[in-house]
Amino acid sequence: MNLKIDKTLDASGLLCPEPVMMLHKIMRETDSGCLIEVISTDPSTLRDIPKFCLFLGHELVEQTQTEKNYIFYIRKT
């Protein structure tokens, strides 16, 4: 998928709840329609970030996983 990323949040090495708290801050500072890429190494983000999107109404466009990272693409609504 070829996505135009507006902002990247690299939360590698951070543990819950820091990645979600940082994502919340970026969402407050970002315009609607922007695409945010989140890179994390914390397995709990597999649960927490989709719930964050569902609860706040943002679109989880894509979610992928590499050997070391969990990567989320979220469109702010």
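I started with Ala-11 and looked up its bridge partner in strand 2, which turned out to be Ser-40. A reminder to myself: this is a predicted model.

Next I checked how the strands run. Strand 1 (residues 7-11) pairs with strand 2 in the parallel sense, over five bridges.

Then I wanted to know how covered strand 2 is. Strand 2 spans residues 35-40, and six of its six residues are buried. I noted that side chains in a regular strand alternate between the two faces of the sheet.

Is Asp-42 buried or exposed? I found it buried, with a relative accessible area of 7%. Leaving out neighbours within four places in sequence, Asp-42 is in contact with Leu-14, Leu-15, Cys-16 and Tyr-70. I also looked up Gly-13: it is 29 residues from Asp-42 in sequence, but the C-alpha atoms are 7.2 Å apart.

Last, the helices. The axes of helix 1 (residues 18-29) and helix 2 (residues 45-56) come within 10 Å and cross at roughly 30 degrees. Angles under 35 degrees count as roughly parallel, so I put helix 1 down as roughly parallel to helix 2. The crossing is right-handed.

For the contact itself, I listed Pro-19, Val-20, Leu-23, His-24 and Met-27 from helix 1, meeting Thr-45, Asp-48, Ile-49, Phe-52 and Leu-56 from helix 2. These residues divide into seven nonpolar, two polar and one charged.

Terms used
Residues numbered from 1 in each chain as written. Predicted model: local features only at pLDDT ≥ 70, side-chain atom pairs only at ≥ 80, totals over all residues. Heavy atoms only, no water. Axes fitted to C-alpha atoms, helices over the stretch in contact; angles between N-to-C directions. Helix = DSSP H or I, 4+ residues; strand = E, 2+ residues; numbered from the N terminus. Parallel < 35°, antiparallel > 145°, perpendicular 65-115°, else oblique. Left-handed = near helix turned anticlockwise from the far one by under 90°. Contact = heavy atoms within 4.5 Å. Nonpolar A, V, L, I, M, F, W, Y, C, P; charged D, E, K, R; others polar. Buried < 20%, exposed > 50% of the residue type's maximum accessible area, 1.4 Å probe, protein only. Pairing = 2+ DSSP bridges.
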